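Trainee: Please take a close look at one part of this model for me. I would like the ligand site, with the parts of the fold that bear on it.

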Amino acid sequence: MSKAAEIDIVSVSKVYGMTTAVEAISLKIPAGTYCCLLGPSGCGKTSTLRMIAGHESISSGDVRLGNTVVTDLPPAKRGTAMMFQSYALFPHLDLVDNVAFSLKMKGVDKEQRRAKALDMLKLMQMEAYATRRPAQLSGGQQQRVALARALITDPEALLLDEPLSALDPFLKIRMRAELKKLQTSLGITFVHVTHSQEEAMALADLIVVMNDGRIEQAAPPREVFERPATAFVARFMGDHNVISGRVTCERDGMVVFDVNGGGSLAACGRGQEAGASIDIAIRTDHVRIGEPPSPGLGFTGIVSNIEYRGATVKLSITGAGIDDFTVIIDDSDFFARPVALGDAVPLAWDSEDAIVLGRIHS
Ligand SMILES: Nc1ncnc2c1ncn2[C@@H]1O[C@H](COP(=O)(O)OP(=O)(O)OP(=O)(O)O)[C@@H](O)[C@H]1O
């Protein structure tokens, strides 16, 4: 079971009545990739997954799996399998029959399908429970059965809709590791819908950040985090300060801008016209405190909140027209030179840590 297929989504839209849930998105998911569709509730990620699976019709555009255009094929003919959020196990069937179900639908004879179902249960280390019913299992065990059931058809791509959302936080992290291991050992393409950026960062080779029916950025996790394409991505991924301003000029490869209603700062970027409004991102953990900044690469602000987090301390700073600038520093640095509420502290960062963000929505 090592066949994997590239998924090619070409200008795909989904319209429900007056609502455009997905707006002409294009995306190539290379064969064997662990892809996470990430975004807030209502951004269109489930609709996208369901269109790949064939559980939702495609309003316009095409989906290709490997060399086959699957746009008009029913789910069972696509070479994909779907694992649902609620697992959708049959309560009255034992695990073998649950797992064997789709082979029964295909007319595979009883002995053969039960043998294959047992193999799948073994793969998920669930063979000892083969004669139980779903209600006699824990959440994590039910999830393994749902995975076995989805994988029994030897799919080229497994589609998972919020697969971890029914689990408690401890189990969630354990099953997350199991999903990743499974994908690596099977080598097939996984497409996993989640609204958790932490989950996507932990699992994905390719993160697709969606907002309002469109793709804001599709890139490996590190690139999404270190080079967020848009203000939406920077805010959604977290750990970035996003500052809006108006360009005054460009100098030495830096864009100089006025913070709306505040001071003058600079950020890495080119090709911005004077007067244009821009968003920039500054990593919260790349800011130094107590060090006089180079021109445009820092400001002096007042400490408005201090949160102790164990390994780090989170400071909120107000200044340069920015209400809530976040700085995360190591606890040892904080306690070596503590600051107090109301203190004026100089903040400084390196030029490459202030980046100009793009826009996809005008
Ligand atoms: N069957 C439907 N009929 C009408 N509108 C729908 C239908 N399904 C989804 N929508 C709308 O389409 C938009 C995108 O929904 P979708 O379920 O794809 O988003 P999502 O990102 O998966 O959200 P969630 O995380 O809440 O599941 C939403 O505005 C939703 O209300």
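**The shell around the ligand**

Mentor: Helix H1 (45–53) gives the most to the shell around the ligand, with three residues. Helices here are DSSP runs of H or I with at least four residues, strands are runs of E with at least two, and both are numbered from the N terminus. This is a predicted model: local features need pLDDT of at least 70, side-chain atom pairs count only at pLDDT 80 or more, and totals for chains, interfaces and linings use all residues. Residues are numbered from 1 along each chain as its sequence is written.

The shell consists of Tyr16, Thr19, Ala21, Gly39, Ser41, Gly42, Cys43, Gly44, Lys45, Thr46, Ser47 and His195. By class, three are nonpolar, eight polar and one charged. Ala, Val, Leu, Ile, Met, Phe, Trp, Tyr, Cys and Pro count as nonpolar; Asp, Glu, Lys and Arg as charged; the others, Gly among them, as polar.

S2 and H1 each supply at least two shell residues. Follow S2 into its sheet. Four strands form an open, antiparallel sheet in the order S2-S1-S4-S5. Two strands pair if DSSP finds at least two bridges between them. S2 (19–29) and S5 (68–69) are the edge strands, each with a single partner strand, so one side of each is left without a neighbour in the sheet. S2 pairs with S1 (residues 7–16) over seven bridges, in the antiparallel sense. Ile7 has Ile29 in S2 as its bridge partner.

Methods
A residue is near a molecule or strand if its C-beta atom, placed from the backbone, lies within 6 Å of it.
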